[in-house]
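Dear colleague,

Please find below the structure that I am handing over to you.

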Amino acid sequence: MAINLDVDRIMTREVLTIGPETVVPEIARLLWEHQISGVPVVEEGKVLGMVTEYDLIARESEYDAPLFVPFLDAFFRVPGTGDSRQRLKKILATTARELMTSPALVAAPTASVREIATLLVDKGLTAVPIVDAHEQLVGIVSRSDIVRLMVVTDEIHDRR
């Protein structure tokens, strides 16, 4: 496989993005319509975070903590792990800003396919936004982009 290629050779350049105030039903509709697993949340060209199918599904999951906990936390320190707080935050989310995983893990166009594949596997990600030196979104690399590269590389190899 061409794992030493820079990701700018395989990234999707026309990236579907959403703004931080995009509402949750609209995000779900966009992911479903475009058959994608996640979308960058962008403001003025900069990636603020990512909303994925996982984030949407987490919003629909059951949670056994009392719903008054976020309000108490505004006044007192309420014990709880970061994971439980994040899950409750997602359940109560109504916009991308509240639902997104932030900060997003991003990479430069010069990152290798191997580096992106490693990031996807190690962090359990579905896609990595690609940003330029000014932190502006220039593309995205998803799991399917890497799988497509594997198929194309294999076909080229078979022709030899």
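I begin with Q35, the residue that follows helix α1; its phi is positive, near 50°. Please bear in mind throughout that this is a predicted model.

Helix α1 itself spans residues 24-34, and V24, I27, L30 and L31 are its buried residues. These four lie on the same side of α1, because they cover an arc of only 125° around the axis.

I turn next to the nonpolar cores. The largest has 14 residues, and those with the most contacts inside it are V7, V113, I116, I130, V141 and I146. Two or more residues are given to this core by each of α6 (113-123), β3 (127-131) and α7 (143-159). Helix α6 supplies the largest share, three residues. Which residues does I116 contact, leaving aside its neighbours within four places in sequence? They are V7, A107, A111, V128, I130, V141 and I146. Another core, of 13 residues, lies apart from the largest one and includes L31, L56, A96 and M100. L31 is also one of the buried residues of α1.

By class, the lining of the largest pocket divides into 10 nonpolar, seven polar and eight charged residues.

The second largest pocket holds about 310 Å³ of space. It is lined by 18 residues, of which I36, S37, G38, I140 and S142 lie nearest its centre. Strand β1, strand β4 (137-142) and helix α7 each give two or more residues to that lining. The lining of the second largest pocket has seven nonpolar, eight polar and three charged residues.

Two single residues complete this account. Is T52 buried or exposed? T52 counts as buried because its relative accessible area is 16%, under the 20% cut-off. Beyond its neighbours within four places in sequence, T52 is in contact with L31, S37, G38 and T126.

D8 lies in the segment before α1. With a relative accessible area of 29%, D8 is partly exposed, since that class runs between the cut-offs of 20% and 50%. D8 touches R13 and P109, not counting residues up to four places away in sequence. D8 and T110 are 102 residues apart in sequence, yet 6.7 Å separate them in space, C-alpha to C-alpha.

With kind regards

Notes:
Residues are numbered from 1 along each chain as its sequence is written. This is a predicted model: local features need pLDDT of at least 70, side-chain atom pairs count only at pLDDT 80 or more; totals for chains, interfaces and linings use all residues. Side-chain values use heavy atoms; hydrogens and water are left out. A nonpolar core is a set of buried Ala, Val, Leu, Ile, Met, Phe, Trp, Tyr and Cys residues joined through side-chain atoms within 4.5 Å. Buried means under 20% relative accessible area, exposed over 50%, partly exposed in between (1.4 Å probe, protein chains only). Contact means heavy atoms within 4.5 Å. The arc is that of the directions from the helix axis to the C-beta atoms. Ala, Val, Leu, Ile, Met, Phe, Trp, Tyr, Cys and Pro count as nonpolar, Asp, Glu, Lys and Arg as charged, and the others, Gly among them, as polar. On a 1 Å grid over the protein atoms alone, a cavity is a set of points where a 1.4 Å probe fits but cannot get out, and a pocket is an open set with protein on both sides within 12 Å along at least five of seven lines; lining residues have an atom within 4 Å of a point. Grid points are joined across faces, edges and corners, and a volume is the space filled by probe spheres set on the points.
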